[in-house]
Amino acid sequence: MSDTRNIAVFASGTGTTLQALIDNQTEYGYHVALVVANRTCTALERAQTAHIPTLQSCDWTKIGHALTQHSIQLIVLAGFLTIIPEWICHKWEKRIINIHPSLLPKHGGKGMYGVHVQEAVLAAGDTVAGCTVHYVSAEVDGGHIIAQATVEVLANDTPETLSQRVQQEEKKLLPQTIEQLLNNAK
Ligand code: GRF
């Protein structure tokens with residue numbers, strides 16, 4: 001694997017996770033070299049404001065070319081709401097990661113995104129919530145777990161308040177994990 005420390009971030013929404021990745025680049029020694037979105041979204045605007053090359057596309061051949069063109073070492077899915085085709089999962093095996101707002105294998109899979117995840121956590125009566133960074137495989141949220149961070153569930157939590165605290169942890173866990181993975185790849 002080449003040691004560019006260039007990462008591509010894939011996003012579909014508000015891009016607050018992308019923003020944390022942009023803000024932490026220097027501290028954690030990686031470079032956000034490309035942002036890919038499958039639709040018009042605030043994440044794209046954040047990338048443009050930070051002068052990061054962007055690609056809005058659903059064409060995986062085109063996306064594949066952009067990854068090569070920008071010498072991407074690691075793909076980071078940060079709120080990317082599209083299933084990754086199996087051939088990309090294979091081609092980028094162990095070089096594509098996702099952050100999910102639960103302690104997988106709990107509360108993962110299809111339909112488990114955004115506030116739905118913390119609704120499920122509260123409905124299950126869990127006392128601990130959290131987030132997971134995992135490798136991406138063909139199974140949604142089913143790839144090997146790399147790192148997790150926990151958050152205590154409070155008696156008066158709503159899905160929104162819990163979601164907020166989990167997202168704070170996500171924004172620390174993800175840059176840390178990226179740094180570790182890039183260091184291990186050396
Ligand atoms: C994060 O909670 C992440 O866990 C999930 O999507 C959310 C991204 O939100 N995969 P944002 O678009 O980065 O604000």
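**Interior, ligand and charged pairs**

V121 is buried, with a relative accessible area of 2%. This valine belongs to helix α6. The structure is a predicted model, so V121 is called buried on the basis of predicted coordinates, the cut-off being under 20% relative accessible area. Along the chain V121 and V153 are 32 residues apart, while their C-alpha atoms are separated by 8.8 Å.

Q73 is another residue to look at here. It lies in the loop between α4 (60-69) and β4 (74-77). With a relative accessibility of 2%, Q73 counts as buried. The side chain of Q73 makes a polar contact with the backbone of R5, reaching the nitrogen of that residue at 2.7 Å.

Where does the ligand sit? The ligand is found in the largest pocket. The surrounding residues include the run G13, T14, G15, T16 and T17. Also around the ligand are G79, I99, H100, P101, Q167 and E170.

From G15, a backbone N or O atom lies 2.8 Å from an oxygen atom of the ligand. From T16, a polar side-chain atom lies 2.6 Å from an oxygen atom of the ligand. On the side of I99, a polar backbone atom is 3.0 Å from a nitrogen atom of the ligand. How much of the ligand's accessible area does the protein cover? On its own the ligand has 370 Å² of accessible area, and the protein covers 85% of this.

Now turn to charged side chains. Side chains of opposite charge can pair when their charged atoms come close. A search of the whole structure finds three salt bridges.

One of them links D126 and K106, with 3.2 Å between the closest N and O atoms. D126 is in the loop between α6 (115-123) and β6 (128-135), and K106 is in the loop between β5 (96-100) and α6, so this pair ties together parts that are 20 residues apart in sequence. The two partners can also be described by their accessibility. D126 is buried, at a relative accessible area of 12%, whereas K106 is partly exposed, at 46%.

Another salt bridge joins R165 to D157, and the closest N and O atoms of this pair are 2.7 Å apart. R165 counts as partly exposed, with 22% relative accessibility.

The salt bridge between K172 and E169 has an N to O distance of 3.1 Å. Both residues belong to helix α7 (residues 159-184), and because they are three residues apart there, about one helical turn separates them. K172 counts as partly exposed at 43% relative accessibility. E169 also counts as partly exposed, at 22%.

P105 is located in the loop between β5 and α6.

Which residues other than glycine have a positive phi? K94 is one of them, with phi near 65 degrees. K94 has its place in the loop between α5 (86-91) and β5. D141 is one as well, with phi near 60 degrees. D141 lies in the loop between β6 and β7 (145-152). With a relative accessible area of 15%, D141 is buried.

How values were computed. Residues are numbered from 1 along each chain as its sequence is written. This is a predicted model: local features need pLDDT of at least 70, side-chain atom pairs count only at pLDDT 80 or more; totals for chains, interfaces and linings use all residues. Side-chain values use heavy atoms; hydrogens and water are left out. A salt bridge is a side-chain nitrogen of Lys or Arg within 4 Å of a carboxyl oxygen of Asp or Glu. Helices (H or I, at least four residues) and strands (E, at least two) are DSSP runs, numbered from the N terminus. Buried means under 20% relative accessible area, exposed over 50%, partly exposed in between (1.4 Å probe, protein chains only). A residue is near a molecule or strand if one of its heavy atoms lies within 4 Å of it. A polar contact is a pair of N or O atoms within 3.5 Å; within protein, one must be able to donate a hydrogen and the other to accept it, and residues adjacent in sequence count only if both atoms are side-chain atoms. Accessible areas come from the Shrake-Rupley method with a 1.4 Å probe; for residues, only the protein chains shown count as cover. On a 1 Å grid over the protein atoms alone, a cavity is a set of points where a 1.4 Å probe fits but cannot get out, and a pocket is an open set with protein on both sides within 12 Å along at least five of seven lines; lining residues have an atom within 4 Å of a point. A molecule sits in a cavity or pocket if more than half of its atoms lie within 2 Å of its grid points.
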